[in-house]
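Thanks for coming, everyone. I'll walk through one structure today, starting with charge pairs and ending with a few backbone details.

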Amino acid sequence: MAAKIILSARQNSFKFSDRVLSLDDPAIIGRSGGQAHSASDNAYFDSKVLSKSHAMLLCKDSRIYIVDTGSSNGTFVNNIRLSKAGKESAPTEVFTGDIIKFGSEVEDKNKKVIQKPVVAKITIFKEDRVETRERTPTSILFRPSESQEDVTMVGDVEQGALSRESMVLLKEKLLEMQRGMEFLTHKENDYVELQQLAEEEAETICELEKENYKLKHALNNIDNKIALEKSKYMKLAEYEAETICNLEKENYKLIDSLNTAEETIKKEREKNKVLQETSKTEKETLENS
């Protein structure tokens, strides 16, 4: 027996009665119009935010998948959009209890009304029983079961069989509430662990801040010592520069004095030479006389 799906309207959804879809063939979700009339056994809706061919539900290997067939306003599973506008999505498995949304809320400014999307909870039936297989908590699409949720009965199709299914739905709802409480308990334990971890991290951060303060203080001391040594070096450099300048001045004076002395010696030598020549001449004159 092929799988069946019940789509039940949620709050803030475009209003519609429950839809019962047989997945002998893929079920098309889209905007009604032309030959596509809205009925309890199909997924055509008179919603302006849906594309004519918006999405598709199909059964493959005993699992139910949903595909966005390139809609403009998107298909969402548990508030996660499956693909970008105009782009077909990869098949995404859905489970009993998932919330699927077709389209997004759009404001019609001309008519001053809000066009609502189709928001539905999905219930999967296989062999006239509700499938209870759940999505793993690690999945990005996972959502905990709500503890308070209205149970929607199916009224227009297969009345006798669906009355039994409605009773099963009630039982499943109780199980979902129980799983929700277990989930909350699990999350509470996680919260306690996270709180302890946060306290440990806060203590670690405090210790790191203390070490950081010590390092900053040490760096300030090093900077001060460097500044002091730099000041001493600059003063020494100025003193050495002044000393070198004075030495250069003294050296210039010495060179000038040396040059003067050499000139004097040269002149004295010339005078002495002249005197020697004069003396020689006078000596020769005396000898000849």
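Start with glutamate 93 and arginine 63, whose side chains meet in a salt bridge, 3.4 Å from N to O. By salt bridge I mean a side-chain nitrogen of Lys or Arg within 4 Å of a carboxyl oxygen of Asp or Glu. This pair links distant parts of the chain: glutamate 93 sits in strand β9 (residues 92-93), arginine 63 in strand β6, and they are 30 residues apart. Helices here are DSSP runs of H or I with at least four residues, strands are runs of E with at least two, and both are numbered from the N terminus.

Before going on, the ground rules. This is a predicted model, so local features need pLDDT of at least 70 and side-chain atom pairs count only at pLDDT 80 or more, while totals for chains, interfaces and linings use all residues. Residues are numbered from 1 along each chain as its sequence is written, and side-chain values use heavy atoms, with hydrogens and water left out.

Back to the pair. Is glutamate 93 buried or exposed? Glutamate 93 counts as buried, because its relative accessibility is 13%. The cut-offs: buried is under 20% relative accessible area, exposed is over 50%, and partly exposed is in between, with a 1.4 Å probe and protein chains only. Arginine 63 is partly exposed, at 37%.

Next, glutamate 131 and arginine 133. They form a salt bridge too, with the closest N and O atoms 3.9 Å apart. Glutamate 131 is buried at 14% relative accessibility. Arginine 133 is partly exposed at 31%.

Now move to helix α1, where lysine 214 and glutamate 211 both lie, three residues apart, about one turn of the helix. Their closest N and O atoms are 4.0 Å apart, and they form a salt bridge. Lysine 214 counts as exposed, at 53%. Glutamate 211 is partly exposed, at 42%. Elsewhere, salt bridges that share partners join Arg63, Glu93, Lys126, Glu131 and Arg133 into one network. How many salt bridges does the rule give? The count comes to seven.

**The core**

The largest nonpolar core has 26 residues. A nonpolar core is a set of buried Ala, Val, Leu, Ile, Met, Phe, Trp, Tyr and Cys residues joined through side-chain atoms within 4.5 Å. Ile5, Ile29, Leu57, Ile64, Ile66 and Phe102 have the most contacts inside it. The elements giving two or more residues are β1 (4-9), β3 (27-31), β4 (43-45), β5 (55-60), β6 (63-68), β10 (99-102) and β13 (118-126). Which of them gives the largest share? That is β13, with four residues.

**Surface patches**

Back to α1, which spans residues 159-288 and holds glutamate 200. Glu199, Glu200, Glu201 and Glu203 gather in a patch of negative charge on the surface. Patch residues have over 30% relative accessible area and no salt bridge; like charges are joined within 9 Å, and nonpolar side chains (Val, Leu, Ile, Met, Phe, Trp, Tyr) within 5 Å. Lys and Arg count as positive, Asp and Glu as negative, with His and the chain ends not counted. A charge is placed at NZ of Lys, CZ of Arg, CG of Asp or CD of Glu. Glutamate 200 itself is partly exposed, at 49%.

Leu219, Ile222 and Ile226 form a nonpolar surface patch, with about 280 Å² of accessible area together. Areas come from the Shrake-Rupley method with a 1.4 Å probe, and for residues only the protein chains shown count as cover. Isoleucine 226 lies in α1.

**Backbone details**

Most residues other than glycine have a negative phi. Serine 62, in the loop between β5 and β6, has a positive phi of about 65°. Asparagine 78 has a positive phi as well, about 50°. Asparagine 78 falls in the loop between β7 (75-77) and β8 (80-81), and is buried at 11% relative accessibility. Its C-alpha lies 6.0 Å from that of leucine 141, though the two are 63 residues apart in sequence.
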